[in-house]
Amino acid sequence: SSSGSVVTLLDYGAGNVRSLRNAIRYLGFEIEDVRTPKDILNADRLIIPGVGAFASAMDVLVKTGMDEALCICLGLQLLFEYSEENGPVKGLGLIPGVVGRFNSSNGFRTEILDEIGDRHVYFVHSYRAIPSDDNKEWVSSTCNYGDDFIASIRKGNVHGVQFHPEKSGGKIFCAFNVGLSVLRRFLHPNSQGTKSPTQGEASKLAKRVIACLDVRTNDKGDLVVTKGDQYDVREQTKENEVRNLGKPVELSGQYYKDGADEVSFLSITGFRDFPLGDLPMLQVLRHASQNVFVPLTVGGGIRDFTDSNGRYYSSLEVASEYFRSGADKISIGSDAVYAAEEYLKTKVKTGKSSLEQISRVYGNQAVVVSIDPRRVYVKSPNDVKLKTIQVTKPEYLKQVCWYKEEGKRVNGGQEGRPIGAYELAKAVEELGAGEILLNCIDCDGQGKGFDIDLINLISDAVSVPVIASSGAGAVKHFSEVFTKTNASAALAAGIFHRKEVPIQSVKGHLLKEGIEVRI
Ligand code: 1PR
């Protein structure tokens, strides 16, 4: 190979680097992995992915001696002096400033961003670096999320972006892919691109539309996308077969082309036996990540396992295998319920739950907790110790209910737990969840709209982003959830699988209603 088409990649073993590799190859480059610090010094173009958690990344860089090589040539956050994430942890110290936790965009002045214009890029991070007098010569763009944070840096031939170029996919096959343009401009510094006329306009954080694929094996042993009514996925026929709505890889590719901001795969039988034995699901991720350049989340069965030979696998190993196979985020259901129950009982964070461990190594932003509540009506708020609400839905007006967690699966059935969605959400946030996927069993598959009461209850209680899920049946349900609640994303399954409402129509409708979305 001529060195002109080679990119050197420093893969320090955290997060989803597979998608970045796919994107670089897609742009026609070959990848050489850094094996020794020398490879860094010899590199023409070096890419350091920024995925994962600060402390674990620095740990690897220091142990392998890469940190010193990196200080000579040069993920954005690692370049700063310190991070508060699991810390303070010392960074590479190239840029003055500290990376802290969070409590859209303007003024670009770096040419790798020249083609972005007013389009959206994809940020997924719980910590951020703040612009200051000390680092202003580095800062090339900032964004606002509560306060101003650094979106990109640039000095000489060093570029850093806080967002994920490989995941900021516009429509790759037809129009323009924002994220790939950033990567391309870094890799070919002199490439010409058309400048967008509307550069530099401030924009808000866009609301996300997420397509969800509930995946399981059917009775013939094939992995299929299925969909339940209030979580019952079997057809109401004599055969009682598992409803089959298509193939996971094909459908995820379709949803990406249709403009989904993210795609989630939930393995709903939770790999009853052994998740790493569930190779088809890992294959699904590997194949999907070749063509889908928006974030992929995978959930189901993330917990500690002992296989039939007595070998123990930690939930962290299970999650790592998903990240290596192309997942950007993992989603935990049942195991997070256990962890929250234990935490509420003892008030002690052991650091040992899957939720705590995975968020420590891969960062909070990579860990979603899926909550699966069902309404329980009571006569008065005094009847339960848990948080109750007055229902505002016309058919149940003024009744009092609480939301019982039912996602916990035992022998394939559902077992309710004596914990409310509200208490669960607050506990998992403290334990490290970076995002909450809020389902509602009553609304699932009903097409009558999201449970606005529930979504308000939870999104007002936590400061992490909440994904509203269950019940979408028409475009108006999406604008309703975004105008009446603080949800930052809305997820749907059935209407997309049955092709009743294409994702483009949802986005078109939201735009018309004045709601910011990525087009
Ligand atoms: O407990 O960590 O093994 O994770 C299991 C995961 O599987 C959880 O995320 C749980 O939500 C999910 N799950 C378990 N059983 C079912 C089921 O359907 N029988 N599916 C299930 C969850 C619900 C949503 C659905 C929305 C939107 N699926 O994801 O996609 O309700 O549907 P709609 O737009 O058609 O209304 P663990």
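These legends accompany close-up views of a predicted model.

**View 1. The whole chain, in numbers.**
The chain holds 15 helices and 27 strands. It has 519 residues, of which 58% count as buried.

The ligand is surrounded by 26 residues. Gly-301, Ser-334, Asp-372, Asp-444 and Ser-470 are the closest. Asp-214 places a polar side-chain atom 2.9 Å from a nitrogen atom of the ligand. Tyr-231 has a backbone N or O atom 2.8 Å from a nitrogen atom of the ligand. Gly-445 also takes part through its backbone: a polar atom there is 2.8 Å from an oxygen atom of the ligand. On its own, the ligand has 760 Å² of accessible area, and the protein covers 98% of this. Strand E12 and strand E27 (489-492) each give the shell at least two residues.

**View 2. Arg-208 in strand E12.**
Strand E12 covers residues 208-217, and Arg-208 lies in it. Is Arg-208 buried or exposed? Its relative accessible area is 13%, so Arg-208 counts as buried, the limit being under 20%. One is with Glu-262, at 2.5 Å. Another is with Glu-435, at 2.8 Å. Beyond four places in sequence, Arg-208 touches residues including Tyr-122, Asp-261, Lys-329, Pro-465 and Phe-482. Ser-488, Ala-489 and Ala-490 are also among the residues it touches.

**View 3. The largest nonpolar core.**
In soluble globular proteins, nonpolar side chains tend to be buried together. Here the largest nonpolar core has 98 residues. Which residues have the most contacts inside it? They are Phe-265, Ile-330, Ile-358, Phe-478 and Phe-496. Helix H11 (residues 421-431) provides the largest share of this core, 6 residues. Domain 1 (3-187) and domain 2 (208-512) each contribute at least three residues to this core.

**View 4. Ile-330 and its surroundings.**
Ile-330 is one of the residues with the most contacts inside the largest core. Leaving aside neighbours within four places in sequence, Ile-330 is in contact with Thr-297, Val-298 and Ile-302, among others. Ala-319, Tyr-322 and Phe-323 are also in contact with Ile-330. So much for one part of the list; Ile-358, Ala-366, Val-367 and Val-368 belong to it too.

Helix H8 (residues 315-325) is mostly covered. Of its 11 residues, 9 are buried. The buried residues include Leu-316, Val-318, Ala-319, Tyr-322 and Phe-323. Ser-315, Ser-320, Glu-321 and Ser-325 are buried as well. Gly-326 follows H8, with a positive phi near 125 degrees.

Helix H6 spans residues 248-257. Its buried residues include Pro-248, Leu-251 and Ser-252. Gly-253, Tyr-255 and Tyr-256 are buried too. Just after H6, Gly-259 has a positive phi of about 105 degrees.

**View 5. Met-58 in helix H3.**
Helix H3 runs over residues 54-63, and Met-58 lies in it. Met-58 is buried because its relative accessibility is 6%, and buried means under 20%. Where sequence neighbours up to four places away are not counted, Met-58 touches Leu-78, Val-89, Lys-90, Gly-91 and Leu-92. Tyr-12 is 46 residues from Met-58 in sequence. In space, the two are 9.1 Å apart, C-alpha to C-alpha.

Asn-86 sits in the loop between strand E4 (80-83) and strand E5 (89-90). With a relative accessible area of 42%, Asn-86 is partly exposed. Not counting residues up to four places away in sequence, Asn-86 touches Ala-53, Ala-55, Tyr-127 and Arg-360. Glu-406 is in the loop between strand E22 (400-405) and strand E23 (409-410). Glu-406 is buried, with a relative accessible area of 13%. Its side chain makes a polar contact with the side chain of Arg-374, at 3.1 Å.

Key. Residues numbered from 1 in each chain as written. Predicted model: local features only at pLDDT ≥ 70, side-chain atom pairs only at ≥ 80, totals over all residues. Heavy atoms only, no water. Helix = DSSP H or I, 4+ residues; strand = E, 2+ residues; numbered from the N terminus. Buried < 20%, exposed > 50% of the residue type's maximum accessible area, 1.4 Å probe, protein only. Polar contact = N/O pair within 3.5 Å; in protein donor to acceptor, adjacent residues only side chain to side chain. Contact = heavy atoms within 4.5 Å. Core = buried A, V, L, I, M, F, W, Y, C linked by side-chain atoms within 4.5 Å. Domains from an automatic or database assignment. Near = heavy atom within 4 Å. Areas by Shrake-Rupley, 256 points an atom, 1.4 Å probe, with all protein chains shown as cover.
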